[in-house]
Amino acid sequence: MSISVKRATLENLNEVSELFNSYRVFYKQDSDLKLAMSFITDRLKNKDSVIFYSHDANGNPLGFTQLYPMFSSVSAKSSWVLNDLYVSSSARRLGVGKKLMDTAKSFAIETNSKGIALETGEDNLNAQALYESLGYEKGVGVYNYFLSL
């Protein structure tokens with residue numbers, strides 16, 4: 001299968017929003033394409049994230065990843081948070097996730113970033129295997145905290 005990856009623009013809103021909606025459903029959220037389109041539109045218009053999406057030779061969307069910028073005061077460099085990675089169920093195990101991850105890495109290198117941070121569930125063994133095969137290291141010695149508002 002021929003897999004291409006492109007940086008998303010508003011011209012790709014429908015394809016990316018459908019993938020994003022499926023991603024949210026995967027994480028047990030109600031399907032809401034209108035919400036997905038609104039969220040992706042805001043991200044692209046405000047330029048507060050970078051989205052790459054993959055498609056096959058016929059233009060069918062296969063998956064996406066979304067990166068958010070962050071900054072390190074200690075290193076005085078920027079980094080990226082790979083917040084979302086999703087591959088449609090019909091395209092899994094075909095190299096789509098790896099291709100998206102490789103594109104994110106190339107983008108981080110091009111933007112002279114310190115690195116890419118991500119997190120995944122303890123039970124998401126497939127994602128963990130992919131990340132570790134690409135050189136990502138599991139963090140130790142820190143606790144993550146979150147304040148719900």
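Me: Which residues does arginine 43 touch, not counting residues up to four places away in sequence?
Reply: In this predicted model, arginine 43 is part of helix H2. Leaving out residues up to four places away in sequence, the residues that arginine 43 touches are Asp48, Ser49, Gln66 and Tyr68.

Me: Is arginine 43 buried or exposed?
Reply: The relative accessibility of arginine 43 comes to 13%. Because buried means under 20% relative accessible area, arginine 43 counts as buried.

Me: Which residue's side chain makes a polar contact with the side chain of glutamine 66?
Reply: Glutamine 66 is found in strand S3, which covers residues 61-72, and among the residues it touches are Arg43, Asn83 and Asp84. A polar contact needs a pair of N or O atoms within 3.5 Å. At 2.7 Å, the side chain that makes such a contact with the side chain of glutamine 66 is that of aspartate 84.

Me: What is the relative accessible area of glutamine 66?
Reply: Not counting residues up to four places away in sequence, glutamine 66 touches residues that include Phe20, Phe39, Ile40, Val50, Ile51 and Leu82. Glutamine 66 is classed as buried, because its relative accessible area is 0%.

Me: Is lysine 6 buried, partly exposed or exposed?
Reply: Lysine 6 lies in strand S1, made of residues 3-7, and touches Asn12, Ile51, Phe52, Tyr53 and His55 when residues up to four places away in sequence are not counted. Its relative accessibility is 38%, and since buried means under 20% and exposed means over 50%, lysine 6 counts as partly exposed.

Me: What distance separates the C-alpha atoms of lysine 6 and glycine 121?
Reply: Along the chain, lysine 6 and glycine 121 are 115 residues apart.

Me: How are helices H1 and H2 oriented, roughly parallel, roughly perpendicular, roughly antiparallel or oblique?
Reply: Helix H1 (residues 13-26) and helix H2 (residues 33-46) pack with their axes 8 Å apart, at an angle of about 120°. Angles of 65 to 115 degrees count as roughly perpendicular and those over 145 as roughly antiparallel, so the angle of about 120° makes the orientation of H1 to H2 oblique.

Me: How many nonpolar, polar and charged residues make up the contact of H1 with H2?
Reply: The crossing of H1 and H2 is right-handed. Among the residues that make the contact are Leu13, Val16, Phe20 and Arg24 of H1, together with Leu33, Met37, Phe39 and Thr41 of H2. By class, the residues of this contact divide into nine nonpolar, four polar and two charged.

Definitions and conventions: Residues are numbered from 1 along each chain as its sequence is written. This is a predicted model: local features need pLDDT of at least 70, side-chain atom pairs count only at pLDDT 80 or more; totals for chains, interfaces and linings use all residues. Side-chain values use heavy atoms; hydrogens and water are left out. Helices (H or I, at least four residues) and strands (E, at least two) are DSSP runs, numbered from the N terminus. Buried means under 20% relative accessible area, exposed over 50%, partly exposed in between (1.4 Å probe, protein chains only). Contact means heavy atoms within 4.5 Å. A polar contact is a pair of N or O atoms within 3.5 Å; within protein, one must be able to donate a hydrogen and the other to accept it, and residues adjacent in sequence count only if both atoms are side-chain atoms. Axes are lines fitted to C-alpha atoms, for helices over the stretch in contact, and angles run from 0 to 180 degrees between N-to-C directions. Angles under 35 degrees count as roughly parallel, over 145 as roughly antiparallel, 65 to 115 as roughly perpendicular and the rest as oblique. A crossing is left-handed if the near helix is turned anticlockwise from the far one by less than a right angle, and right-handed if clockwise. Ala, Val, Leu, Ile, Met, Phe, Trp, Tyr, Cys and Pro count as nonpolar, Asp, Glu, Lys and Arg as charged, and the others, Gly among them, as polar.
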